Amino acid sequence: MKELMKGNEAIAEAAVRGGCRAFFGYPITPQNEIPEYMSWRLFEVGGTYVQAESEVAAINMVYGAAGAGARAMTSSSSPGISLKQEGISYICCSRLPCVIVNMVRGGPGLGGIQPAQSDYFQATKGGGHGDYHMLVYGPASVQECVNIMYDAFDKADKYRVPVMILGDGMLGQIMEPVELPEFKDLSKLPRKNWATYGDGTGEKRNIINSLLIEPDELEAHNKLLADTYAEMARNETMCEEYLCDDAEIVLTAYGTVARIAKSAVNILREQGKKVGLLRPITLYPFPNDAFRKVAEQDCVKEFVCTELSMGQMIEDVKLATGMLKPVHFYGRCGGNVMTPEDLVEFVLKEGK
Amino acid sequence: MESKIIIAGFGGQGVQSLGMFIAFASIHDGKEVTFLPSYGPEMRGGTSNCSVVVSDKPVASPIIASPDILIAMNKPSLAKFESRVKPGGCIIVNSSLIENKVTRTDVKVYYVDANRLALEAGNTKTANIVVLGAYTKISGVFSPEVMKAVIEHKFAKKPKVIPANFKAFELGYNL
């Protein structure tokens, strides 16, 4: 039988089963169940849990632990993730694998505590200073959170990048049936030849560093990072297409909003309207090819991008579709969430 | 089958647990379900609500515009959600705390004297379980045996309270 789990708790359990053995966090609504769960759960599996004195401290503990080869993670919500940006930039330059969960709440500033998607730019375009990206996922259900979190450390190790799971307050708080995977066998993981495990003989030193003062060296490093992101784009891009084959209007949304959009598609289909849904699962790399392909379909007349923001992902939708078809926007923000009926009304009004 | 339920009341009335009981029963029955709590700055005595969608198929939107069933545990909840109930839907009213009658004529209304019946069951905290009994009967989505199995499972660590909860459930179910 499946278990009923809250999004935050399911992510925490999936992280442990996927190999997380070090968690560093600082409380903030609406993701507190993740550190709370980890505080007792990691103790059971011989891991390390620290409630840091601040978000800045927490991300730098992740920096240290990841550098020492541990499967380390942190979680927070929007204002807390902003505080972590310096550390994330250093981690990216140092090419360290780790996992960061952001259960987004309304901003800017201290904002509110209700769900939002207004950190899309921050998550996908870098966030901190410098030329870097993370592998960013936007799961839409508790089961998808589990599946993505379970493999997140493997992906992070493979590319030596942080993986970010970009959720929202709803996804953290919602309870749904889930099936949890078995524990990963950590003894079978390959040794990280770059890590500072501290168990060497002194013959060769590994150094974790983000200072590359020579321009040629730093340029080469930036090119190496760019190559990594290009490889990620080739291998990791994920997208869900729903009833797009004959669609005249294509809704695009990610995360929980995509589920609201899916209900809107179902309502509109019952009314005989040819509407589909395109849902990016990886937000970086963005599924450009899938969007381009759908945009090139003759039947498709227009796109409707819907987000819990004033319009952020829409920029990637416009780039990916090459503006072949018009892209309309419907957004709510501040913690307010649209209903499927709101979207239906908008599509009927905008759709020609 | 897809049933959308909004449950609302004061914090401390067991609004969230009531929703969770329905969610656990769904899993027990192999159904799909989403349970979305409100998580505002509420506290005991403040308002609290949750949205539950039970379905045979995977649930798309966990957000409910018009519920099939509204369970109103206190007066402000009825005032807030009454107009949103789908025509032909139903409202379960905790008449112990709500003296008003529902003004709409296009929905079925069930008045449940939940707090008094909870007292009769021997535990004033079981008012939500009285309503769970009434919901089980009215919706017909779950058998009473499934709900009682869920109650037994949820209170496994506090077996002393199970008899009063069973009694409360039956009082609600047999209204």
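In this predicted model, chain A holds an open sheet of seven strands, arranged in the order β3-β2-β4-β5-β7-β6-β12 with mixed pairing. The edges of the sheet are formed by β3 (48-51) and β12 (282-284) of chain A; each has a single partner strand, so one side of each is left without a neighbour in the sheet. On average, neighbouring strands of this sheet are turned by 20° against each other, direction ignored.

Strand β2 (residues 22-25) of chain A runs parallel to β3(A), and four bridges join the two strands. Within this pairing, A:Gly25 has A:Gln51 of β3(A) as its bridge partner.

A helix also packs on the sheet. Helix α7 (residues 142-159) of chain A touches β5 (98-104), β6 (135-137) and β7 (162-168) of chain A. The direction of α7 makes about 155° with that of β7(A).

The crossing of α11(A) and α12(A) is right-handed. On the side of α11(A), the contact is made by A:Asn288, A:Phe291, A:Arg292 and A:Ala295, while α12(A) contributes A:Val317, A:Ala320 and A:Thr321. Sorted by class, the residues in the contact of α11(A) with α12(A) are four nonpolar, two polar and one charged.

Note on methods
Residues are numbered from 1 along each chain as its sequence is written. Chains are lettered from A and ligands numbered from 1 in the order in which they are written. This is a predicted model: local features need pLDDT of at least 70, side-chain atom pairs count only at pLDDT 80 or more; totals for chains, interfaces and linings use all residues. Two strands pair if DSSP finds at least two bridges between them. Axes are lines fitted to C-alpha atoms, for helices over the stretch in contact, and angles run from 0 to 180 degrees between N-to-C directions. Two residues are in contact if their C-beta atoms, placed from the backbone, lie within 7 Å. A crossing is left-handed if the near helix is turned anticlockwise from the far one by less than a right angle, and right-handed if clockwise. Ala, Val, Leu, Ile, Met, Phe, Trp, Tyr, Cys and Pro count as nonpolar, Asp, Glu, Lys and Arg as charged, and the others, Gly among them, as polar.
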